Amino acid sequence: MSEEVLKLKDVYKDYFKIGTAVNLETLEKDKDLIASQFNSMTAENDMKPIILSLEEEKFNYGPADQIVQFANDNNMGMRGHTLVWHNQTPGWMFKDGDKKAGRELMLSRLEKYIHTTMNHYNDSLFYAWDVVNEAIDDTGSHLLRESPWLDTIGEDYIERAFEFARDANPDIPLFYNDYNESHPHKREKIYKLVKDLIDKEIPVDGIGLQAHWNLEAPHLDDIRRAIEKYASLGLKLHVTEMDVSIFNFDDRRKDLTTLSPEMEEKQAERYGEFFSIFREYHEYIDSVTLWAASDRYNWLNDFPVENRKNWPMLFDEANQPKESFYRVTSF
Ligand code: HAH
């Protein structure tokens, strides 16, 4: 990266932290880009339950520790992601021998898992933990999505998780994190869930807006309304997993092999508008994390269509700034 290129972390130092998701491969291949542009990291996968505790009584903090070491060496903050989720969680947590585990067993496992993990990372560079990820049903009138946690523990699994997390670390901000956070229907559900927690005096400090967006959705007005509604609860907001896909969610085309100039321009316009909204609401937003460092590697190359190239980030496949980067850094 040449010297003249601006650094996101400097441009935004008076607004919020600027983070990126990482894994051990990107920390190796993209280390200069990551260390020079960002001042916060989230482990893309390495702090998820399936990686940290694939087998009962066994913990594997090796890969995640290497990420924390990199953060330490480069003076970066860490967001912990994620303690309780219906996905990427090992099957043993839900079983008692050949049977389904009962409520008490699952609660005690949840408590132990949360305590062990948060105590292991009882380090001042952690400035937030996603305690519960994606608990809400996207459609229909049910508030919570089906999950083994809901099925066995019941609706209070979310309350218990936040209490266990607060017990484990009295100081760190605790987050509820979800996607489709700007869709009006889901926004109302997220608001309700978190407001009920606050009314019950459950320790929750913030809402994570994943911000997996694209060239058309969501509308800017819906993003503003979501930010304002969540901020009205008096909590911190983090943008936790941002990317701007070239494809709408239902677009399953596989024939696009390069990013056209028109698409790059449309994406730059969108990124510019999104960051302008973040700056406008910066008194509520403490941190904005992109879900990859560059187009070289990102999860959207496999999701929701396997093996389809996408170009959702601010830097290109050679880790050079895209038009989107220039739009985000000139204001
Ligand atoms: C996120 N889910 C997860 O929080 C993150 O941990 C993962 O690496 C990538 C995306 C987003 C999501 C989903 O799980 C299902 C459907 C749409 C979006």
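Helices (H or I, at least four residues) and strands (E, at least two) are DSSP runs, numbered from the N terminus. Welcome to this predicted model, where local features need pLDDT of at least 70, side-chain atom pairs count only at pLDDT 80 or more, and totals for chains, interfaces and linings use all residues. Residues are numbered from 1 along each chain as its sequence is written, and side-chain values use heavy atoms, leaving out hydrogens and water.

**The second largest pocket**
- A pocket is an open set of points on a 1 Å grid over the protein atoms alone, where a 1.4 Å probe fits, with protein on both sides within 12 Å along at least five of seven lines; lining residues have an atom within 4 Å of a point.
- The second largest pocket holds about 200 Å³ of space, a volume being the space filled by probe spheres set on the grid points, which are joined across faces, edges and corners.
- Helices α8 (157-168) and α9 (184-199) each supply at least two residues of this lining, and α9 gives the most, with three.
- Among the lining residues are H142, E155, I158 and K200.

**The largest pocket**
- Its volume is about 810 Å³.
- Of its 35 lining residues, Y179, H212, F249, W299 and F303 are the closest to the centre.
- Strands β9 (212-214) and β10 (236-245) are the elements that give two or more residues to this lining.

**Residue G208**
- G208 sits in strand β8 (residues 206-209).
- Leaving aside neighbours within four places in sequence, G208 is in contact (heavy atoms within 4.5 Å) with F175, Y176, N177, D178, H238 and T240.
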